Structures are given as C-alpha cells and as structure tokens.
Amino acid sequence: MKIDVLLGLQWGDEGKGKVVDVLTPEYDMVARFQGGPNAGHTLEFEDKKYVLRSIPSGIFQGEKCNVIGNGVVLDPALFKAEAEALSVSGHDLTKRLYISKKAHLILPTHRLLDAAYEAAKGDAKVGTTGKGIGPAYTDKISRNGLRVGDILSNFEQKYAEAVAKHERILKGLNFNYDLKNLESDWFAGIEYIKQFELIDSEHFINQQLSAGKSVLAEGAQGTMLDIDFGSYPFVTSSNTISAGACTGLGIAPNKIGEIFGIFKAYCTRVGSGPFPTELHDETGETMCQLGREFGSVTGRKRRCGWIDIVALKYAIMVNGVTQLIMMKSDVLDGFETIKACVAYKQNGEVINDFPYEIDDTIEPIYVELPGWKTDMTKMKSEDEFPLEYKNYVDFLEKELNVPIKILSVGPDREQTIIR
Ligand code: GDP
Ligand code: IMO
Ligand code: MG
C-alpha cells in the first residue's frame, strides 16, 4: 500500500483539518509528520467545533489509528490539555493514538526562548505562535534535543542539562521569566504521556503498509511557510512539503501515492512576512469577516487577499501535487468580481515563476472573473454549480494544470463536494 499526503499550499489554515476528517473513513491510519502545537486544525460536525493542535484530525472517525510521527515537536503540557478536552467530550484516545519515541519535546524554556528571540528581533519579528517551535527544532538540528523516548529513563538529569543551556541563553538576552510556573504543568504532561503507546513509528507505519493498510499523512502549516521553500525568514521551522512526510514518518519516497494539495479560493496569512496579494481595503475586511479569519491558535486576525496563482504553481511543483482541494469558496459568494493573480511585476518586468524573494516591490498582475453571486453553502453536487463558479474552477484547473477533486462550501463535514 502507498501513503497519501494532504498538505497546505498557501500560508496555512487552508482547511486541512476539515478535509482530513472527511477523508479518514477511506484510510486505516492518519499520521502527523511535522509541526507542533503551532497548528490549529478545525473540524465541525453535528453542530460541534473542535480545534486540534498536535493530535491528528483522524481522531473523530471511529476506531482509526492515529500517529504523532517523529517529525513532530510535542509540548506535553499542551498535549495533555488537548487530549483531556477530547476525553471530556467522550473521545478516549489512549487506544487509538500512538506517539513516536523519536518526536522531539518542546521544553518550557523553548517557549521562553521563542518569546525572547522574537522580542530581540523587534520590528523584524516573525510573528510566531509563541509555542517554542523554532527553538525546539533548533535543538533537534544542533543535536541538543530531548525526545519522547527520553522520558522513559533518567529523564530528570537530561532535562536539567538542557534547561541549564537554555537559561544561559535567556540570561544573555536579559529576558525575565518564571520557569517554575510553566514546569509544573509540563511535568504533569510528561506523566500523562506515559499512558500512551510510545512507539518506533517508522517500523509501525511501514509494517502497516506492508500489511495492506492505508495511511493518510496530515500536513501542518503550508508550503509558503516551509523552512526551505517558504518566504524565509518568515516561515516555520519544519519542512511542510511532501518530502517532510518521508523524513517525518520514516517513509521512503517510492511509498508516497497521492499528494493532495489544499488551498482557499482566496488567500490568508497570519504573522509577519510578505504577502503580494494582500488587501488592505474593504474587500480584504469582508473576506476576513465572512471567512471568520481569526487564528485558531493565537486568535490573531488573519491577513486576507486574492488567490496567488504564481505561489500556488510553485507549491504544486515542490510538492508534486496530484489532486487539488479548494476550500471556502462560499466566502466569495457575494462578490461581484473575483480576482486571481497570474503573474508578478517588479521594476517593470513581468515575473511568472515564484522568485527567490518576495517583497513590497512586487506588484500582482490580476485577471478578473465574474462572481457567482449564489449561496454555495447548501450545494450537494457539482450539477448545482452556477456557471460563473464552474468558470472559476475551470480557470484554476487550467492555470494550475492539476484537477480540483474536492470543493468545500462551508466549515461542516457535510459541506463538501467530491467530484
Ligand atoms: P487548517 O489549519 O488548515 O486545518 O485550517 P484552520 O482550521 O486553521 O482554518 C480553516 C477555517 O475555515 C476553520 O475555521 C474551518 O472551520 C473553516 N472552514 C473550512 N472549510 C471551510 C469552507 O469551505 N467554508 C467556510 N466558510 N469555512 C471553512
Ligand atoms: P496550521 O497547521 C498559519 C505561522 C506563524 C508565523 C510563522 C512561524 O493551522 O495551518 P511558528 O510558531 O511556527 O514558529 O511561527 O508561521 N504559522 C502558521 N500560520 N497556520 C499555521 O498552522 C501556522 N503555524 C505557524 O503565524 O508567521
Ligand atoms: Mg490552522
């Protein structure tokens, strides 16, 4: 069996959680391969709304197996809070959720370092989620990290050594902090994690594939936040692209099957960094209000703008996307016209390929299409689509050269049209 990957093509929050939940019945297992509690994946069904951060979005569909892979960074305190909230609402996870022993731990001091580095950057700050993601991955790469498997033996000493290093840096940055407060929740989280199956997930997933089980890998963040290919340095600290599923789960590239690339019918970004199609006007504000574009992790207002086909083509290329999924078309239901950025202009020159760096000197070149002015939220099949909506979908498929297989017309599980 092959493993399919679902990932974001823009700056995150495309609707990955919703679609993973919708697709889970077709799979035996769902696995997260990168990121951590910087993610906020929202699912809505039966008039209830859930936001998942570290737990895979397959958790609500029956007895499916869910895995937190080695590429993820895990904060035990936040994990405990998330898992306990799910238990209270009747979803017991201990038998259905497995955690890789090779996943790295986010320490309380990683969160402090995240805040200290952001403060030191001043106006140039990344606008991180403040969850300690960058410092945790920094320690992983510099071979100073602690892994989930470390909690099984002699952990206190390993923890004390790591924290001593962090405290020296925090002191050097003159950063004031109260570690004791954070530590009590964190150690409660460490104890809590021990009741879960801590596994060698690369063996487990490959064995499952060999036994004919199907796996869906769930991305976090989006391609434009990828550490290598995103709008560096305004990115997250992991490989969010399809290659990240290989390293983040221990899967060989030839085991990858479909690659689902998910995008909104427009575009959003939260945090700092360039965003060529951003709208600072009433149209952007309308997108924000109708799309309820407020961050699910930090509550920050998301910046909104038109769809960026230059960036999407680049994302499709680096991921090898085989099927597209378009979300939130309903947000544009009332618009007279819809714009799509098909190229950039910089110093009078037209740019068709996503450049090394995007900055304020880049101007989007738009084509304008008529809006559909129809309520899409109750639609059940593509036969009901208004002509203008069909035209928008056809236009995107032609530009992007990949079929759009799923169209989402509302936040609920049911508001999903599979073509
Ligand atoms: P993720 O991080 O990619 O899982 O996305 P988020 O959950 O952070 O953000 C997507 C938001 O859009 C959530 O509030 C979803 O409930 C909502 N959503 C998903 N699909 C649709 C859709 O088709 N229409 C509308 N209006 N909202 C949607
Ligand atoms: P999901 O999975 C949107 C952004 C932050 C910041 C940058 C770096 O819900 O799509 P970090 O805390 O990762 O060091 O922050 O990345 N960011 C996200 N934006 N959705 C996310 O996740 C994000 N995770 C991180 O806002 O700009
Ligand atoms: Mg999100």
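## Around ligand 2

Let's start with one contact: a backbone N or O atom of G127 sits 3.4 Å from an oxygen atom of ligand 2. Keep in mind that this is a predicted model. The protein backbone meets the ligand elsewhere too. A polar backbone atom of D13 is 2.8 Å from an oxygen atom of ligand 2, and for a polar backbone atom of V270 the distance to a ligand oxygen is 3.0 Å. How much of ligand 2 does the protein bury? Taken alone, the ligand exposes 550 Å², and the protein buries 98% of that.

So who's in the neighbourhood? Ligand 2 is surrounded by 21 residues, and the closest are D13, K16, H41, T129 and T236. Sorted by class, the shell holds 10 polar, 8 nonpolar and 3 charged residues.

## A look at helix α2

Now for a helix. α2 runs over residues 76-88, which makes 13 residues. From its first C-alpha to its last, α2 reaches 18 Å, close to the 18 Å expected at 1.5 Å a residue.

Which residues of α2 are buried? They are P76, A77, L78, F79, E82, A83 and L86. Here's a handy bit of background: an α-helix has 3.6 residues a turn, so residues three or four places apart point the same way. With that in mind, take another look at F79, E82, A83 and L86, which are among the buried residues of α2.

## The two ends of α2

At the start of α2, a side-chain oxygen of D75 comes to within 2.9 Å of the backbone nitrogen of A77. At the other end, α2 is followed by G90, which has a positive phi, near 90°.

Terms used. Residues numbered from 1 in each chain as written. Chains lettered and ligands numbered in written order. Predicted model: local features only at pLDDT ≥ 70, side-chain atom pairs only at ≥ 80, totals over all residues. Heavy atoms only, no water. Near = heavy atom within 4 Å. Polar contact = N/O pair within 3.5 Å; in protein donor to acceptor, adjacent residues only side chain to side chain. Areas by Shrake-Rupley, 256 points an atom, 1.4 Å probe, with all protein chains shown as cover. Nonpolar A, V, L, I, M, F, W, Y, C, P; charged D, E, K, R; others polar. Helix = DSSP H or I, 4+ residues; strand = E, 2+ residues; numbered from the N terminus. Expected span 1.5 Å × (residues − 1). Buried < 20%, exposed > 50% of the residue type's maximum accessible area, 1.4 Å probe, protein only.
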